[in-house]
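Here are a few quick notes to go with the model. Have it open while you read.

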Amino acid sequence: MKPRFLTSHYAWIQGCYWMAYCILLSFSSVYLLDQGFSNTQIGLLLGLSGLLTALLQPFVGARADHLKVLSLGQFAALLILAMLLCTGGLLLLPGQAVQGGLFLSLLILLQLLTSLLYALGMDCVNQGMPLNFGLARGVGAGSYALASTLCGSAATAFGPKCIPVLLGGATLLLLAAALSFRPGTPAKQAAPPPASPPSSPQSFWRRYPRFLPLLAGVVLLYTSHNILMSFPYQIVQYLGGGSGEMGTLLTLQGLMDIPAMVLFSLLLRRAASWRWVRLAGLSFFLHALLTWLAPSVFFLYGIQIFETTGYALYAVASVYWVNDMTAPADRVQGQTYFTMANTLGIVLSSFLGGFLLDAAGTGPTLAFSTVTGGTGMGILWIMLRQGQAKAAVQQG
């Protein structure tokens, strides 16, 4: 592959992946409610997929680190092919139990792919290849927005049963992109200096004693955020809308993600990563609060501006922040713990969100999201005070 096409091809991968992510995860409630699932069952399905993904991730990552016959792109293509087969099963195999099992498998495969596809791009960057990771991720956000519009319109016109068809199309394009991705010869680089051995889990927590309460704040913030992200259909219905309005809402969310992701390298020159993490925490809370207070779907559209300074900043700034706050030998471990905190937030939001929606309704569920987000934001702001950001995690 010619170097000038490397970013565009990787952007193709990111674009197709986030299209599939939008169709499968963001429209899960639309499809599963049509299949007879309750909100509690949908929450259990989403939560279980997060738990199983967290358990399988180390195994899949270890396999990806020791590939001998397949390339990383080909290994990812195997998971994508499995997704394509499961999508075909949704179209051909009726029955709530079968549909639930296939949907669970799809959710797990999709979430396992995230780290593999990120590694595919970062491997090129680390080898000195001309790949603009931020630009490609921004294309992914734009594709998410496009898929939101198309899927919302299609679901309104043809019904929820068109969702597996759209998912199959996006997955097929992703398979073609992954199989054809051949980065070429890496740039020559000097050998890196020998690294010190990484900390054991026990010594990691002793070396970074305040990392754990920071992760507690992350879990709470991500729980709050993902209640809004996992149940957008129920929120829009609560305000008098339907699947078409939900598609518009998700489109706005995707568009709001693009600027911060593409321009983060410039933002990092203006302020340190910990400042952007704190701003993201505040935006998560304001997004949850105003969603709870929203009087209409139109108002809900307006507050999606907090996606720009919320999730979009958080998705990039948190990676840089962990990298800054840990020693080189501990960075992979630090990123792993941070990812696990995000996953735990997804699991809790799925279980608790589905249960609260059925037991108490949408209003109390949004109130819970607001309180949880406010508590998580408070922890982050306390632990990341000005002048104490590095000391907050790197002591001893």
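This is a predicted model: local features need pLDDT of at least 70, side-chain atom pairs count only at pLDDT 80 or more; totals for chains, interfaces and linings use all residues.

1. Which residues do H13 and H18 use to meet? On the H13 side they are Val-277, Arg-278, Gly-281, Leu-282, Phe-285, Ala-288, Leu-289, Thr-291 and Trp-292. H18 brings Gly-363, Leu-366, Ala-367, Ser-369, Thr-370, Gly-373, Gly-374, Met-377, Leu-380 and Trp-381. Sorted by class, this contact of H13 with H18 has 11 nonpolar residues, 7 polar ones and 1 charged one.

2. Now for the geometry of that pair. H13 covers residues 273–293 and H18 covers residues 362–383; their axes come within 8 Å and cross at roughly 160°. Angles over 145 degrees count as roughly antiparallel, so that is how H13 and H18 run relative to each other. As for handedness, the crossing of H13 and H18 is left-handed.

3. On to the nonpolar packing. The largest nonpolar core takes in 115 residues, and Leu-113 and Trp-321 have the most contacts inside it. If you want to look around Leu-113, leave aside its neighbours within four places in sequence: it is then in contact with Tyr-17, Ala-76, Leu-79, Ile-80, Met-83 and Leu-174.

4. Is His-225 buried or exposed? Its relative accessibility is 5%, so His-225 counts as buried; the cut-off for buried is under 20%. Not counting residues up to four places away in sequence, His-225 touches Phe-284, Glu-307 and Tyr-311.

Definitions and conventions
Residues are numbered from 1 along each chain as its sequence is written. Side-chain values use heavy atoms; hydrogens and water are left out. Axes are lines fitted to C-alpha atoms, for helices over the stretch in contact, and angles run from 0 to 180 degrees between N-to-C directions. Helices (H or I, at least four residues) and strands (E, at least two) are DSSP runs, numbered from the N terminus. Angles under 35 degrees count as roughly parallel, over 145 as roughly antiparallel, 65 to 115 as roughly perpendicular and the rest as oblique. A crossing is left-handed if the near helix is turned anticlockwise from the far one by less than a right angle, and right-handed if clockwise. Contact means heavy atoms within 4.5 Å. Ala, Val, Leu, Ile, Met, Phe, Trp, Tyr, Cys and Pro count as nonpolar, Asp, Glu, Lys and Arg as charged, and the others, Gly among them, as polar. A nonpolar core is a set of buried Ala, Val, Leu, Ile, Met, Phe, Trp, Tyr and Cys residues joined through side-chain atoms within 4.5 Å. Buried means under 20% relative accessible area, exposed over 50%, partly exposed in between (1.4 Å probe, protein chains only).
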